[in-house]
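Trainee: I am new to this structure. Can you show me how to read its features, one at a time?
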Amino acid sequence: MFRTLRNHWKKSVFAFCAISYGAKWSYDRYQANQIRAFYCRQASILGSQTYPSMNRLNRVAVLLNGKANNGKAKSLYDKTIFPLLHLIGLDVRVYRVDTITDPNGLTDLLTNKIEPNELNALMIVGGDGTLSELAPYLFQSNVLENLPICVVPIGEHVSFARSLLPTTTKKKLHDDVSLLCESVFALFNGTIVRRSLLKITTSENDEKPIYASTLDFGHYSRLEQLQKRLWYFSYLKYPISSLYHFITNSYASIVNSEQPAILYSHPCSGCLRCQPYLMEQYRLSQQQQREQKTSFFSRVYQSKRSIVQPSSTSVTPPVENPDCGVEYCLNLDKSPVQLGVKLHGNEQNFQVDISDDLQRFNYDKDKHPKQSLYVQHLRFTPNTNLLAKQMLINQEKLKDSEDLPTEYRIELSEKTLKFIQITDDLLLRKKLSIKATVNELEEDALEKKGIFLFPRRRHQHTQSS
């Protein structure tokens, strides 16, 4: 046998690589199926519980983008998400958003077909592009704006969903089956947070803004796109993409030479300039405090329990911040070559990363030299020659158009949406840490997570006996 392997060493090496890859692929599939089976058992236990009709989550609308993750989102949803929703016993209505061709189709879907007044929650299955496409319609509806939204990160780019999920070592969240399953259980044990999106407007299209979570513009974005196209070179794609970019692209600034300034404004926690309605709220609060003051006869005839205690906390009147809305010019030693904008979980500002040093053989975009600052408003004039190839919104290129924008304005959206955030205490971690039988383990794990709102019958019989 060893003589045969030595004589046919090329075939042997190829067979060893193929068998190793197949074994690793089979083991990953086995582990994913074990995780799915565990969460299915948790879902069946959760679905068997009896809740009052007022406290039970009944109807959920699922907005599925089947084209997300290179067309694999539908199969991932069928294998991972749909069985859990079915075992829990929810009334699930699935709507495909990628098959809508009518320009007014999304408006009709989100206003009439899904019946938003009858929903308890909304689930979006896709990536950043799916959320960006649905955001304008969600902001227009007062019902959908206040409806809890569960984001299932089945997409190639899910930077916004990462802020709602626990930290993970997986670069692609759709490969982490446990987090996909936890996103379903977050409907019961998650926390609701208010989040804004980036509102991107241009000088040519001011009435139809683009809502996004990230914006990248520059030479490092171009390198990242080249690396994705040269995936078949494996680790050699990094030096090859750098050499190709060095030969085909010259060192040029990302801003226009005639107006090279990048203007920004400092964050503001809220004043009369940016939020003029604060004065009306202050007046209403003062009026309510005056109405709470009881008269002499009411203090005599009322009991001590009914007397309204005066509030010790006083509401401070809003003031006007003189620095709010004032634009400043960003000072750089050289011309900027990379601009990155992203959300960081704050409703009052967003993060801006600017670099003026191009390191052609720096393969990690997060480690290139940059200057970070938190702003409330950003405005710049891009270099139109680099705009088509190096501008990425939600990690996607701009659509081809004849009229290129001459100015970009970036700010946070005026309205916010209610998203469901997953807690760090995962159910699968409970399974590995608690030593018990299978049935007791699953039920205790759910009880410690706070999913059971009412005690089980077995415990009631034990207490009564």
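**Reading charges, faces and patches**

Mentor: Start with a charged pair. Glutamate 115 and arginine 59 form a salt bridge, with the closest N and O atoms 3.1 Å apart. This pair links distant parts of the chain, 56 residues apart. Arginine 59 sits in strand S1 (residues 59-64). Glutamate 115 sits in the loop between helix H5 (105-113) and strand S3 (121-126). Keep in mind that the model is predicted.

Trainee: Is glutamate 115 buried, exposed or partly exposed, and what about arginine 59?

Mentor: Read the relative accessible area; buried means under 20% and exposed means over 50%. Glutamate 115 has 38%, so it is partly exposed. Arginine 59 has 10%, so it counts as buried.

Trainee: How many salt bridges does a search of the whole structure find?

Mentor: The search finds 10. One of them joins aspartate 98 to arginine 96, the closest N and O atoms being 2.9 Å apart. Aspartate 98 counts as buried, at 16% relative accessibility. Arginine 96 is partly exposed, at 32%.

Trainee: Which residue forms a salt bridge with lysine 199?

Mentor: Glutamate 414 does, and the closest N and O atoms are 3.0 Å apart. Lysine 199 lies in strand S6 (residues 198-202). Glutamate 414 lies in the loop between strand S17 (408-412) and strand S18 (417-421). The pair therefore ties together parts that are 215 residues apart in sequence. Lysine 199 is buried at 14% relative accessibility, while glutamate 414 is exposed at 57%.

Trainee: Let us turn to a helix. Which residues of H5 are buried?

Mentor: They are Gly105, Leu106, Leu109 and Leu110. Now look down the helix axis. The buried residues of H5 fall within an arc of 125 degrees, so they line one face of the helix.

Trainee: What covers the buried residues of H5?

Mentor: The cover includes S1, strand S2 (91-96), helix H6 (128-140) and helix H7 (142-145). Just after H5, glutamate 115 takes a positive phi of about 55 degrees. Glutamate 115 is also the salt-bridge partner of arginine 59.

Trainee: Next, the surface. Which residues make the nonpolar patch of about 490 Å²?

Mentor: Trp231, Tyr232, Phe233 and Leu236 make this surface patch. Take tryptophan 231 as the example. Tryptophan 231 is in the loop between helix H10 (219-229) and helix H11 (237-248). At 60% relative accessibility, tryptophan 231 counts as exposed, because the cut-off for exposed is over 50%.

Trainee: Last, serine 241. Is this residue buried or exposed?

Mentor: Serine 241 is buried, with 0% relative accessibility. This serine is found in helix H11. Now ask what surrounds the residue. Leaving aside neighbours within four places in sequence, serine 241 is in contact with Leu223, Leu226, Gln227 and Leu230.

Trainee: Which backbone oxygen lies 2.8 Å from a polar atom of the side chain of serine 241?

Mentor: That oxygen belongs to lysine 237. For serine 241, the element is H11, the cover reads as buried, and the contacts include Leu223 and Gln227.

Terms used
Residues are numbered from 1 along each chain as its sequence is written. This is a predicted model: local features need pLDDT of at least 70, side-chain atom pairs count only at pLDDT 80 or more; totals for chains, interfaces and linings use all residues. Side-chain values use heavy atoms; hydrogens and water are left out. A salt bridge is a side-chain nitrogen of Lys or Arg within 4 Å of a carboxyl oxygen of Asp or Glu. Helices (H or I, at least four residues) and strands (E, at least two) are DSSP runs, numbered from the N terminus. Buried means under 20% relative accessible area, exposed over 50%, partly exposed in between (1.4 Å probe, protein chains only). The arc is that of the directions from the helix axis to the C-beta atoms. Contact means heavy atoms within 4.5 Å. Patches are made of residues with over 30% relative accessible area and no salt bridge: like charges are joined within 9 Å, nonpolar side chains (Val, Leu, Ile, Met, Phe, Trp, Tyr) within 5 Å. Accessible areas come from the Shrake-Rupley method with a 1.4 Å probe; for residues, only the protein chains shown count as cover. A polar contact is a pair of N or O atoms within 3.5 Å; within protein, one must be able to donate a hydrogen and the other to accept it, and residues adjacent in sequence count only if both atoms are side-chain atoms.
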